[in-house]
Amino acid sequence: MATDKSLRDTRLVFYKDDIESINAILDAFLKQSAAKCALLIDKDGHMVTSRGATKRIDLDTISALVAGSFAATREMARILGEEEFSALYHQGKSDNIQLSIVGDRALLTAIFDECTTVGMVRLYASEAAKRLAAIFRKKAQEAVAAGSTAGDGDATFRASTGPALDSLFGK
Amino acid sequence: MVQINFAHKEIQCKIVYYGPGMSGKTTNLELVHEKTPGEARGELTSIATTGERTLYFDYMPLDLGAIAGIRTKFQLYTVPGQIYYKSTRRLVLQGVDGIVFVADSSASKLEENRESMRDLEENLREMGRTVTDLPIIVQYNKRDLPDAMSLDELQKQVNVHNFPHFEAVAPTGQGVFPTLRALAALVLESVNRSGLGATRAPRPAAAPAAPASAAPAGAPTATPAPSARPAPSIAASPPPPPRPSGPPAYAPRTAVAASAPAYAPAYAPAYGPAATAVADAPVPRPAPAPAHALAPSASPAPGVAPRPASDRYVKVSGLGNGNGSGGGKFGMIAGLTALIAAAAWFALTQLGR
């Protein structure tokens with residue numbers, strides 16, 4: 001039986017139907033909360049997917065900052081004797097950011113403006129986070145059940161790595 | 001931890017530049033940012049003090065383009081090097097896939113180099129990992145200093161695990177790209193061997209109750225979550241001493257073969273051998289441009305000394321003046337609050353662009 005720890009730390013691999021399921025949840029969240037956009041970011045700072053008005057946003061940098069911010073928050077919670085702070089809110093002049101933890105694996109990041117309220121966003125983010133956490137948990141269980149297998153790797157990927165690195169970094 | 005997203009056909013890896021204070025970690029990243037074509041990299045974000053010392057991390061995304069049809073992205077981070085930022089370094093190390101250990105070649109920095117290496121081992125240990133679990137490359141920076149130690153002595157004193165190593169003079173760019181290229185190759189090979197091959201196969205059957213009929217997903221060994229430890233208060237760092245100027249006194253030997261690194265590590269890393277040389281059509285990419293003009297910066301935070309307009313940094317003033325005596329727990333909270341505020345401020349400014 002997979003422990004919570006192993007579920008938490010197993011690398012997840014996302015396929016098309018996973019992302020479609022996640023996107024459906026995020027779309028529903030955006031519709032209910034009237035937030036501008038929603039980002040799903042893993043705790044290491046990698047973007048999983050994003051929905052809504054994200055064109056003007058540097059998603060890579062936001063992902064790193066959100067993960068960094070939450071990592072510091074988690075450490076603060078530990079110092080105070082809390083298991084975690086499950087939500088974090090940053091208020092700006094026009095845009096605001098609401099972070100909600102998703103099953104200890106990821107962060108649901110909602111960016112919203114005066115068209116809605118933090119209460120609305122937080123309410124629907126909490127519901128969305130639960131549904132997302134169920135998806136993450138299922139995927140982690142699948143990965144743990146499949147077991148860890150180190151192999152020879154993909155030959156095509158290996159063959160293409162060198163030229164790609166040469167192209168960017170030089171020989 | 002590498003994220004593999006087949007829906008978006010994307011792999012994302014995290015690389016951290018580690019090392020003692022002022023060894024050249026940030027300079028490495030700045031150089032990579034300057035010399036990499038704009039379409040292959042994102043903005044360089046630095047959460048730093050007014051004394052230009054990294055406070056939380058520097059960050060820059062790098063896009064290698066498509067490798068075998070999968071878009072491969074690296075997220076490059078640096079950590080603050082000063083001793084009192086130990087707990088902050090641990091936060092940045094979470095989920096790391098490869099490390100560049102930047103050592104200062106100066107003889108006066110030997111003990112700091114050794115302490116930083118021990119610190120890295122300890123942080124990884126607290127995260128349930130070891131230095132042999134992931135690709136690590138040592139970069140001996142500042143090879144142009146008059147009191148730079150010999151390579152043999154540095155190897156003996158600092159590189160106790162005999163990681164692959166490169167020599168560098170980061171401000172001039174010497175050794176910067178060869179180091180990063182070598183680490184990137186190791187990380188990608190590690191990713192490939194730990195599960196990419198199996199996961200590129202059609203998705204296994206959904207029912208875990210029938211494992212015999214499902215292709216293995218090739219999930220890697222689980223990495224335990226980091227465990228926390230109390231840490232000293234974050235204190236202000238003194239202004240850095242001026243560095244000697246002048247051209248490097250030698251040409252560093254940092255040649256790297258196209259696909260098989262020339263350093264030929266003396267030990268066999270657990271994560272697998274370097275990529276073998278295979279001739280193939282290169283992914284078409286533009287040649288690296290010369291010195292790349294950076295985008296203009298956003299308005300600095302209130303009370304912060306302005307940076308040159310060509311850089312984009314977050315500076316946080318007045319931090320690190322925590323009371324070291326009595327302030328252990330609350331000093332940490334104050335420091336963490338400042339980090340969160342700095343990260344949040346920069347995130348909010350990103351939204352306004």
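In strand S7 of chain B, B:Ile137 is the bridge partner of B:Val100. The chain passes from S6(B) through helix H3 (residues 110–126) of chain B to S7(B) in a right-handed β-α-β crossover, right-handed meaning that, with the strands pointing away from the viewer, the path from the first strand over the helix to the second runs clockwise. The model is predicted: local features need pLDDT of at least 70, side-chain atom pairs count only at pLDDT 80 or more, and totals for chains, interfaces and linings use all residues. Residues are numbered from 1 along each chain as its sequence is written, while chains are lettered from A and ligands numbered from 1 in the order in which they are written.

**Chain B overall**

- Chain B has six helices and nine strands, these being DSSP runs numbered from the N terminus (helices: H or I, at least four residues; strands: E, at least two).
- Of the 353 residues of chain B, 53% count as buried; a residue is buried if 20 or more other C-beta atoms, placed from the backbone, lie within 10 Å of its own, exposed if 12 or fewer, and partly exposed in between.
- In chain B, 70% of the contacts with a separation of 6 or more are between residues 24 or more positions apart, a contact being two C-beta atoms, placed from the backbone, within 7 Å.

- Strand S6 (residues 98–104) of chain B has seven of its seven residues buried.
- In a regular strand the side chains alternate between the two faces of the sheet.
- One side of S6(B) carries B:Gly98, B:Val100, B:Val102 and B:Asp104, the other B:Ile99, B:Phe101 and B:Ala103, and all are buried.
- S6(B) runs parallel to strand S7 (residues 136–141) of chain B, joined by six bridges; strands pair if DSSP finds at least two bridges between them.
- Strand S2 (residues 10–18) of chain B also runs parallel to S6(B), through four bridges, and B:Tyr18 has B:Phe101 as its bridge partner.

- Strand S4 (residues 54–67) of chain B is mostly covered, with 11 of its 14 residues buried.
- Three bridges link S4(B) to strand S3 (residues 45–49) of chain B in antiparallel fashion, among them the pairing of B:Ala48 with B:Thr54.
- Four residues separate S3(B) from S4(B) in their hairpin, and B:Glu52 in the turn has a positive phi of about 65°.
- S4(B) pairs antiparallel with strand S5 (residues 70–78) of chain B over nine bridges, and B:Asp63 stands opposite B:Lys73.
- The hairpin of S4(B) and S5(B) has two residues between the strands, and B:Ala68 in the turn has a positive phi of about 50°.

**Helix H2(B)**

- Helix H2 (residues 86–93) of chain B is largely enclosed by the rest of the structure, because seven of its eight residues are buried.
- The buried residues of H2(B) include B:Arg89 and B:Arg90.
- Just after H2(B), B:Gly95 adopts a positive phi of about 75°.

**Chain A**

- The axes of helix H2 (residues 16–33) and helix H4 (residues 118–146) of chain A come within 9 Å and cross at roughly 170°, axes being lines fitted to C-alpha atoms over the stretch in contact, with angles from 0 to 180 degrees between N-to-C directions.
- H2(A) is therefore roughly antiparallel to H4(A), the term for angles over 145 degrees.
- A:Leu80 lies in the loop between helix H3 (59–79) and strand S4 (87–91) of chain A, and is exposed, with 10 other C-beta atoms within 10 Å.
- A:Leu80 and A:Phe29 are 51 residues apart along the chain, and their C-alpha atoms are separated by 31 Å.

How values were computed. Parallel < 35°, antiparallel > 145°, perpendicular 65-115°, else oblique.
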